Amino acid sequence: MSEFAARVERVEPSATLAISNLAGELEADGVDVVDLSVGEPDFPTPENIVEAGKDAMDAGHTGYTSSNGIPELKEAIADKLADDGLDYATDEIIVTPGGKQALFETFQTLIDDGDEVCLLDPAWVSYEAMVKLAGGSLSRVDLTPYDLQLEPALDDLAAAVSDDTELLVVNSPSNPTGAVYSDAALEGVRDLAVEHDITTISDEIYKEITYGVEPTSLGTLEGMADRTVTINGFSKAYSMTGWRLGYLAAPEALVGQAAKLHSHSVSCATNFVQHAGVEALENTDRAVAQMTEAFEERRDLLADLLADHGIEVSKSEGAFYMMVPVDEDDQRWCEDALEGPNVATTPGSAFGTPGYARFSYANSQERLREAVDRLADEGLF
C-alpha cells in the first residue's frame, strides 16, 4: 500500500468519540459505565419531529434534493436567523448533513496552506483537526486564567491576531465550557476582525440551550455581516444527533464556493430529514424549553455535588458541559476514572486545556449522583 496523505497523518482521531467508543465497548462487555463524555442529549427526539420524518418518507421524500437544501427548510432557517437578528437570504444558506459538515466545508473553503486560524481555548476538539486538514496553522488564546470568559482575555486575543490572521472561530455557548460570551467580548472580537480584516466563524450549535442569558449572534454586530459565517444545526437543541442535519449561512460569494465542495462530497442532506427539520424549527419550542430546564437543574446539581467535595467550578451559562479541575495529568485521570469507577469523561487537553476534565451533564440526576459518588469512593476527588 502506498503512503498515506500527509493531511490525514497530521491529525488525531476525535478524543471525545474515542472515549465514548471505549465506554461503549465496556458496556458491551456488561460493565455499568456512567458516560459523561458524550456531547449528546439523552432525550429522545421530540415525537412531532419523528412523525414529520415518517410522514415525509411516506410521501416519497426519499430521493436527492437540490444540493443546498429544500426550499422549505432554507426558508425556515432564514426565518429562524431573522429572529436572532441575522439577515440571510435563502441563497446564502447551505443545508448540510450535520453542523460538523458545515464547519468542515467552511474551513476548506477559506483556508489555504499556511493560513493562520485563531482558536479560543478550551476549544472543541475538531476545530484543530479541520484547520490541519485544510493546511492551516494555529494561534491560540487561553481563557482558563479568566474563568473561561472571553471579555477579560481581549488583550490576549489582540496580541494573538494580526493582519496575517485569516480566520477566528467563536463558539458561544461554548463546547466544552458552556460559557456564553458577553456583548462586550463580541464587540472586542468585532473591533479586531475589522481592524485586521479577519473572517469569523460563529458556531452557534448550542444557542437554544442557555440558562437565564440570551446569546448574541456575532453577525448581528455592525461591520460583521459580511465577514461572519454562522453555523448551527439540529443535533443539540432538538436532540437529533443521529439525524445529521445542520447548516451554514454566509455571504453569497462564500456560499457559492462552499457549494462546490458540498456538491462534490455529500451531494445533499437527507431528503426526509430536511422535512423533519422544518417541523423542528417551526413547532418544537416547548420541547426545547423543557429539555433546557432539565439541563439547568442537572447543572446546578452537579455543581453542588462537586462543591461538597471541595471542587469549585465555573457554572456554565449554556450547552450541557462543565470543565472540572482535576490532576495535572488529565489524560491519566480520565483513564483512571474510566478503568476504576467506570465513569467516562473527556480530558481537557483534548480541548487545548490540560488539567481539566469535561463532564457532560446530558444524563439523569440519578446517574450524575452516582458518577460523583464513584469518583469520590475511588479517591479521584
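Select Arg299 and Asp300, whose side chains meet in a salt bridge at 2.9 Å, N to O; a salt bridge here is a side-chain nitrogen of Lys or Arg within 4 Å of a carboxyl oxygen of Asp or Glu. Arg299 is buried, with a relative accessible area of 9%, whereas Asp300 is partly exposed, at 25%. Buried means under 20% relative accessible area, exposed means over 50%, and partly exposed lies in between, with a 1.4 Å probe and protein chains only. Accessible areas come from the Shrake-Rupley method with that 1.4 Å probe, and for residues only the protein chains shown count as cover.

The model on your screen is predicted, so that local features need pLDDT of at least 70 and side-chain atom pairs count only at pLDDT 80 or more, while totals for chains, interfaces and linings use all residues. Residues are numbered from 1 along each chain as its sequence is written, and side-chain values use heavy atoms, with hydrogens and water left out.

Next, select Lys80 and Asp84, which are both buried and whose side chains form a salt bridge at 2.6 Å, N to O. Then move to Glu128 and Arg140, joined by a salt bridge at 3.1 Å, N to O. This pair links distant parts of the chain, twelve residues apart, with Glu128 in helix H6 (residues 125-133) and Arg140 in strand E4 (residues 137-142). Helices (H or I, at least four residues) and strands (E, at least two) are DSSP runs, numbered from the N terminus. The count of salt bridges comes to 20.

For the surface, select Glu72, Glu75, Asp79, Asp83 and Glu282, which gather in a patch of negative charge. Such patches are made of residues with over 30% relative accessible area and no salt bridge, with like charges joined within 9 Å and nonpolar side chains (Val, Leu, Ile, Met, Phe, Trp, Tyr) within 5 Å. Lys and Arg count as positive and Asp and Glu as negative, without His and the chain ends, and a charge is placed at NZ of Lys, CZ of Arg, CG of Asp or CD of Glu. Helix H4 (residues 71-83) gives the largest share of this patch, four residues.

Finally, turn to the largest nonpolar core, which has 34 residues, and select Phe295, Phe320, Met322, Val324, Trp333, Phe359 and Tyr361, the residues that touch the most other members. Helix H11 gives the most to this core, with seven residues. A nonpolar core is a set of buried Ala, Val, Leu, Ile, Met, Phe, Trp, Tyr and Cys residues joined through side-chain atoms within 4.5 Å.
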